[in-house]
Amino acid sequence: MFAYYLQLGLRSLRRNPALTALMVMAIGFGVAASMITYSVFRAVSGNPIPGKSAQLFTPQVDGWGPQQNLKGEPAEALAYIDAMALMRAHEAKRQTLLYPVQLSVMPGGNRDLPLNANGYAVTADFFTMFEVPFRFGSGWSAQDDDARASAVVISGELNRKLFGGANSVGRTFNLGGHDYHVVGVTSHWNPRPRFYDLFSTSGFADEPDIYMVFNRALDLQMRSGGRNSCRGSITYTSWQGYLQSNCVWITPWVELDSAAEVAAYRRFLTNYAADQQRAGRFGWAANVRLRDVMQWLEYEHVVPPESRISLAVALGFFLICLVNTIGLLLAKFMRRAGEIGVRRALGATRREIYTQYLVEAATVGLAGGVLGLLLTAAGVSGVGILFQPEIARLARLDLSLVGLTFVVAIIATVLAAFYPAWRAAHVQPAWQLKSS
Amino acid sequence: MNFQVRPILTALRQHKAGTLLIALQIALTLAIVCNALFIIHQRLGNLSASSGVDEANVFVITNMWADMGQSTSQVDAQVRADLIALRQLPAVRDATPASGYPLRGGGWDNFVTMTPEQVKPTTDAAVYTGDEHFIDTLGLNLVAGRNFRPDEVMVMGTQEAVTPPTVIVSKVLADRLFPDGDALGKSFYAMGATPTTIVGIVDPLHRQGVDSWSNGYAGQALIWPLRADDSRGVFYIVRARPGQLADAMREAPKALYAQNRLRIIDSKDGIQDYATIRHKVYDRDRGMAILMGIISVVLLAITAAGIVGLTSFWVGQRRKQIGVRRALGARQRDILAYFLTENFLISVSGTVLGIVLGFAFNLWTVTRFAMDRMSLAYVGAGVLVLVLLGQAATLAPALRASRVSPVEATRSV
């Protein structure tokens with residue numbers, strides 16, 4: 001019976017090509033607009049570290065006070081004094097401090113020009129906490145942190161540029177005038193959004209080339225390659241002076257496995273801030289935060305407003321297309337009231353009429369889905385003109401999006417057809433037969 | 001012409017579903033189109049904001065130092081040598097060192113206070129640094145006071161915070177701090193222990209960033225006479241002689257590498273002209289405007305097509321009634337007026353709901369994303385567009401209806 005209804009549906013669609021084309025286009029455009037904006041939204045709103053996002057927390061301590069903080073919220077990073085205090089207290093199972101560094105690989109071998117190498121100064125726990133995958137070697141140890149070692153972990157990409165992709169663990173190279181030895185080479189690792197550094201990036205930067213020992217970077221008096229934010233009067237004239245200032249530039253992360261650990265760490269943070277108040281360093285009551293990965297992404301507004309607004313507008317657009325389709329299906333079905341009357345009089349049940357018209361609508365949905373898919377494919381590849389390149393790059397037409405496009409198109413069209421089909425099924429056969 | 005509203009309303013009651021669908025479609029379309037118009041107008045406004053820079057002739061070199069262990073005096077010597085080399089190029093008019101540039105997309109900004117004790121800032125200003133060539137290189141318009149003298153230019157090392165005693169400010173900042181228009185010679189504090197005195201005023205000068213958080217500080221900028229000799233790197237802003245931008249952009253990196261090869265000028269975006277800089281910084285705004293434009297146009301087309309479709313159906317359904325009316329003496333234009341009035345009534349009721357929905361959407365963007373409130377003008381424009389669209393879409397089916405012959409009344413039954 002289904003095949004027969006499908007045949008009837010196709011025949012009926014061919015009967016008014018203009019009306020059919022209009023419905024197919026409405027569904028196609030509506031689905032495509034929704035899918036294109038959704039593909040971008042999906043890319044920017046995902047969980048970058050699904051297995052551990054609830055165990056990783058970034059502590060914040062207000063070192064600026066109620067008059068200079070961010071409308072009551074503490075700064076989004078820590079000043080050197082607070083960062084080191086948290087590190088020294090070692091109240092979490094694992095913890096790291098990090099800040100972006102800009103380095104250059106000095107010329108050597110057959111390269112006569114220096115090479116850019118951007119990355120992060122981090123501590124040993126960084127690699128285990130964030131589950132960084134390694135191709136060769138591994139991260140460094142806590143002893144290396146304490147020894148302020150010149151160990152580095154490099155990306156697969158930098159390893160390819162410098163060492164032709166071979167296992168370079170143990171090899172040495174010159175970064176900005178100092179020698180470093182490679183302890184590990186990562187596989188491709190660039191979680192997006194880059195939850196661990198939302199202070200200096202918007203979350204969608206290129207993969208870092210290099211990770212170096214935090215203490216080593218401090219020894220070299222390396223200023224952050226990212227953001228730096230200060231309050232009040234800035235008067236430092238030396239590295240030491242800078243470290244003592246209220247400027248924030250270091251992002252801390254801690255790993256806490258249970259609710260009890262989280263509560264304990266929160267208590268520790270509050271106590272720390274209260275101690276600072278007692279010591280006279282803070283002239284205000286403790287104001288601390290402890291946000292996990294997803295809360296941090298939300299707080300930092302990682303999803304650009306443009307992405308949310310365009311998704312909302314596209315869904316509204318789709319809704320209008322559906323309302324339009326309801327109207328057109330109604331017109332199309334009711335135009336055939338006479339035919340329905342004949343079929344009902346010949347014994348077709350309401351249910352059969354109902355099914356027949358829903359199947360006809362589903363074929364419209366299917367055609368709309370095909371058009372929508374083509375438009376989505378074109379749109380996703382051309383999305384670069386609508387969003388910033390680093391975000392547009394993330395939008396992909398994968399199998400799940402293809403499936404979703406069809407499912408949404410067909411389900412939405414069938415839903416839209418419920419009312420018109422119901423009206424069709426309730427046509428009075430007697431009246432129709434009489435009037436024609 | 002005689003507008004018969006009562007019979008139209010009676011007839012509409014027979015087509016509740018269709019009427020409701022058209023009204024709903026017009027309402028939703030209005031809600032989206034007026035918001036889209038508002039967003040487009042706002043974003044295009046951003047796009048055309050003046051930077052104050054002679055954009056046709058200026059480009060920026062992002063120069064990173066490879067050897068990060070250099071002392072401030074070593075860096076300073078290299079920067080001075082680089083600048084001499086750049087200024088000597090035949091295609092170059094002028095060049096300046098800098099720590100940022102207008103429309104860079106973000107960068108250094110300082111809070112401004114009127115006294116050193118003041119804790120809550122008066123306002124915020126983008127901070128530019130450069131030597132006495134900064135104003136000429138960018139092509140800024142000096143509207144009052146004077147340029148920096150060479151002896152006023154100070155050196156700032158990587159680990160130093162320096163507040164020069166003199167400053168040139170944008171007119172917007174000058175007016176914000178000294179509304180009486182007597183800013184010249186006055187002092188303020190910009191996160192330093194010592195005051196800085198205004199010696200010149202330029203107009204306009206855009207900030208480095210275009211993010212919405214800085215909208216309240218738009219156009220507020222200050223220039224300090226500083227060579228920021230950061231061991232990490234420096235920006236060189238270069239102004240080519242008219243028509244020689246391409247030559248200057250080709251020659252400049254060669255001249256720099258001839259000075260010293262231990263530097264990194266990225267092959268991809270190490271040298272950018274202002275067309276590129278402007279294009280990049282307004283990516284979001286342009287993309288948003290294009291997307292809203294496409295959606296509006298397609299939406300209006302689909303809504304119009306939907307109205308044509310439903311009205312045609314109604315005309316088809318009522319051919320007999322139309323024939324009867326014509327037989328009873330109605331003129332063609334009475335029939336035409338009937339359908340146009342019918343559509344007008346539906347459109348107007350739809351737009352009432354649409355206005356509510358449109359403002360609701362705007363309110364969402366205001367509370368959620370701190371966007372601006374939409375003015376009534378956009379809603380008015382949207383209503384006008386939709387009512388006209390509705391009338392235009394009805395015209396063809398209505399004309400067909402008006403040509404129904406009175407003979408139809410006599411056919412069948």
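The confidence score pLDDT is the predictor's confidence in each residue, on a scale from 0 to 100. For chain B its mean is 90, and 99% of the residues reach 70 or more. The model as a whole scores ipTM 0.85 and pTM 0.86. This is a predicted model, in which local features need pLDDT of at least 70 and side-chain atom pairs count only at pLDDT 80 or more, while totals for chains, interfaces and linings use all residues. Residues are numbered from 1 along each chain as its sequence is written, and chains are lettered from A and ligands numbered from 1 in the order in which they are written.

Chain A holds 16 helices and 11 strands. Chain B holds 11 helices and 13 strands. Both kinds of element are DSSP runs numbered from the N terminus: helices are H or I with at least four residues, and strands are E with at least two. The C-alpha trace of chain A spans about 100 × 60 × 40 Å along its principal axes. That of chain B spans about 105 × 50 × 35 Å. The radius of gyration, taken over C-alpha atoms, was set against a globule rule of 2.2 Å times the number of residues to the power 0.38. Chain A has 31 Å, whereas a compact globule of 436 residues would have a value near 22 Å.

Burial was assigned from C-beta atoms placed from the backbone: a residue is buried if 20 or more others lie within 10 Å of its own, exposed if 12 or fewer, and partly exposed in between. In chain A, 47% of the 436 residues are buried. In chain B, 47% of the 413 residues are buried. Two residues are in contact if their C-beta atoms, placed from the backbone, lie within 7 Å. Of the contacts in chain A with a separation of 6 or more, 78% join residues 24 or more positions apart. For chain B, 84% of the contacts between residues at least 6 apart in sequence join residues at least 24 apart.

The contact between the chains takes 51 residues from chain A and 51 residues from chain B. On the side of chain B, the elements giving two or more residues are helix 2 (16-47), helix 8 (283-317) and helix 10 (332-369). Helix 8 of chain B gives the most, with 18 residues. By class, this side of chain B has 30 nonpolar, 13 polar and 8 charged residues. Here Ala, Val, Leu, Ile, Met, Phe, Trp, Tyr, Cys and Pro count as nonpolar, Asp, Glu, Lys and Arg as charged, and the others, Gly among them, as polar.

A nonpolar core is a set of buried Ala, Val, Leu, Ile, Met, Phe, Trp, Tyr and Cys residues joined through C-beta atoms within 7 Å. The largest has 250 residues, and those with the most contacts inside it are A:Ala121, A:Phe317, B:Leu222, B:Ile237 and B:Val238. Helix 2 (residues 17-45) of chain A gives the most to this core, with 18 residues. Leaving aside residues up to four places away in sequence, A:Phe317 touches A:Gly30, A:Ala33, B:Ile32, B:Ile295 and B:Leu299.

A:Ser104 lies in strand 3 (residues 94-105) of chain A. A:Ser104 is buried, because 25 other C-beta atoms lie within 10 Å. Beyond four places in sequence, its contacts include A:Pro114, A:Gly176, B:Met64, B:Ala66 and B:Ile264. Its C-alpha atom is separated by 8.4 Å from that of A:Asn174, 70 residues apart along the chain.

In helix 3 (residues 80-89) of chain A, the buried residues are A:Asp82, A:Ala83, A:Leu86 and A:Met87. They fall within an arc of 135° seen down the axis, so they line one face of the helix. The arc is that of the directions from the helix axis to the C-beta atoms. These residues pack against strand 1 (56-61), strand 2 (78-79), strand 3 and strand 10 (248-255) of chain A. Just after helix 3, A:His90 takes a positive phi of about 50°.

Two cis peptide bonds deserve mention. One joins A:Arg192 and A:Pro193, with omega about 0°. The other joins B:Asp203 and B:Pro204, with omega about -10°.
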